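Please read this note with the sequence and the coordinates open side by side.

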Amino acid sequence: MAGGNHSSVTEFVLLGFTNLHELLFMIFLLVYITTLAGNLGMIVLIRTNSQLCVPMYFFLSHLSFMDICYSSSITPKLLSGLLAERNVISFNGCITQFFFFAVFGTTEAILLAIMAYDRYVAICEPLHYLVAMPHGVCVQLVVGSYAAGSLNAFVHTSGLLRLSFCGPNLVNHFYCEMPPLLLLSCSDTWLNKMVMAVCVGFITTTSVLAIVVSYACILLTIWNICSAEGRHKAFSTCTSHLMAVALFYGSAAFLYFHPFSGHAEDQGKTASIFYTVMTPMLNPFIYSLRNKEVRSTLRRTMNKLLSCRCCHRSHSNQTEAGVTCHGGVSRRNNSDT
């Protein structure tokens, strides 16, 4: 490996998608707008309603924030590239994009595991839930996930900066990701691949293990619930979470543990769409809008907004009527005079 960054490449060309650019632009733009609207809406809803001031929704608000950052690190450049004849990104811009992608991606993976543990405590130890998950502990868990994501991104970014890129500069992807960048380096990338495999393997294994153990205990608890309604409610929460976890971890594992080859890059682009573009859009729906408390809170908030709007409109109509009536009286008085 080179002792420092002696790269002669000053920019990369993101090959992205070969056809249907206009159609893909409209699809990804709609997905991105839905992602921003859905996740921002969830953050506002959770932060402004006292009924949702419990650890579960505290984590959900941070997951929504993470999805906004995660999607925003990829999608804007993807959209601009679909409209450009030549999708170019500078060397520093490419490294920066990869760094933030790694931060947000790793943090979200860890946050998913934390949320699984939160569900375990809530379902298996309901009487000790608020004692075991006070606000201070929740904040520490979230801060720890951000710190772990930043550390992981720093390790991989530092490894990339030590490589030399002598050309070609054609990245067969729609954003700057580790596997396609390693294929372009003229340095020995063995250490980078090993570090990537170890870090991704450790984070994935520990997170998935925490999720599996948490949900195994949850399923055992659900099995012993006598009430069919309670069993259905708990099982519904588990399936929605596990569905999103499978989508995120499955697509990420396919990319990082698939053999490094040009054919794998083409398949990696398809897998990357799911966990960089689609998953952030789906999370507000599969995590939150299927939740009965969130639905009822959203319904109350919408009714309150509609009531305020109707009251404001009624007040405006009364004011206009009063002005009209006052004008009519004035005209009659003038006529009598």
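1. Ser-207 sits in helix α8, where helices (H or I, at least four residues) and strands (E, at least two) are DSSP runs numbered from the N terminus. Ser-207 has a relative accessible area of 5% and is therefore buried. Buried means under 20% relative accessible area, exposed over 50%, and partly exposed in between, with a 1.4 Å probe and protein chains only.

2. Basis of the model. This is a predicted model, in which local features need pLDDT of at least 70 and side-chain atom pairs count only at pLDDT 80 or more, while totals for chains, interfaces and linings use all residues. Residues are numbered from 1 along each chain as its sequence is written, and side-chain values use heavy atoms, with hydrogens and water left out.

3. Overall layout. The protein has eleven helices and three strands. Along the sequence they follow the pattern β-α-α-α-β-α-α-α-β-α-α-α-α-α. Of the 337 residues, 45% count as buried. Among contacts with a separation of 6 or more, 81% are between residues 24 or more positions apart.

4. Surface. The protein exposes about 17400 Å², and carbon and sulfur atoms supply 68% of it; accessible areas come from the Shrake-Rupley method with a 1.4 Å probe, and for residues only the protein chains shown count as cover. Trp-190, Leu-191, Met-194 and Val-198 make a nonpolar surface patch of about 420 Å². Patches are made of residues with over 30% relative accessible area and no salt bridge; like charges are joined within 9 Å, and nonpolar side chains (Val, Leu, Ile, Met, Phe, Trp, Tyr) within 5 Å. Met-194 belongs to helix α8 (residues 190-223) and counts as partly exposed because its relative accessibility is 39%.

5. Nonpolar core. Such a core is a set of buried Ala, Val, Leu, Ile, Met, Phe, Trp, Tyr and Cys residues joined through side-chain atoms within 4.5 Å. The largest one holds 78 residues, of which Phe-12, Phe-17, Phe-28, Phe-59, Leu-160 and Phe-165 touch the most other members. Helix α4 (residues 91-124) gives the most to this core, with 20 residues. Beyond four places in sequence, the contacts of Phe-12 include Asn-87, Val-88, Phe-91, Phe-165 and Leu-184.

6. In α4, 27 of the 34 residues are buried. The end C-alpha atoms of α4 are 50 Å apart, which agrees with the 50 Å that its 34 residues should span at 1.5 Å a residue; the expected span is 1.5 Å times one less than the number of residues. Helix α1 (residues 21-47) has 27 residues and reaches 38 Å from first C-alpha to last, close to the expected 39 Å. Among the buried residues of α1 are Leu-24, Phe-28, Tyr-32, Asn-39 and Ile-46.

7. Salt bridges. A search of the whole structure finds two, a salt bridge being a side-chain nitrogen of Lys or Arg within 4 Å of a carboxyl oxygen of Asp or Glu. In one, the closest N and O atoms of Glu-11 and Arg-86 are 3.7 Å apart. This pair links distant parts of the chain, with Glu-11 in strand β1 and Arg-86 in the loop between α3 (75-83) and β2 (88-90), 75 residues apart. Glu-11 counts as partly exposed because its relative accessibility is 29%. Asp-118 and Arg-119 form a salt bridge at 3.3 Å between the closest N and O atoms, and both residues are buried.

8. Leu-20 has a positive phi of about 55° although it is not a glycine. Leu-20 lies in the loop between β1 (11-14) and α1 and, at 54% relative accessibility, counts as exposed. His-62 is in helix α2 (residues 55-72) and is buried, with a relative accessible area of 17%. Not counting residues up to four places away in sequence, His-62 touches Arg-47, Leu-111, Val-142 and Tyr-146.

Technical notes
Contact = heavy atoms within 4.5 Å.
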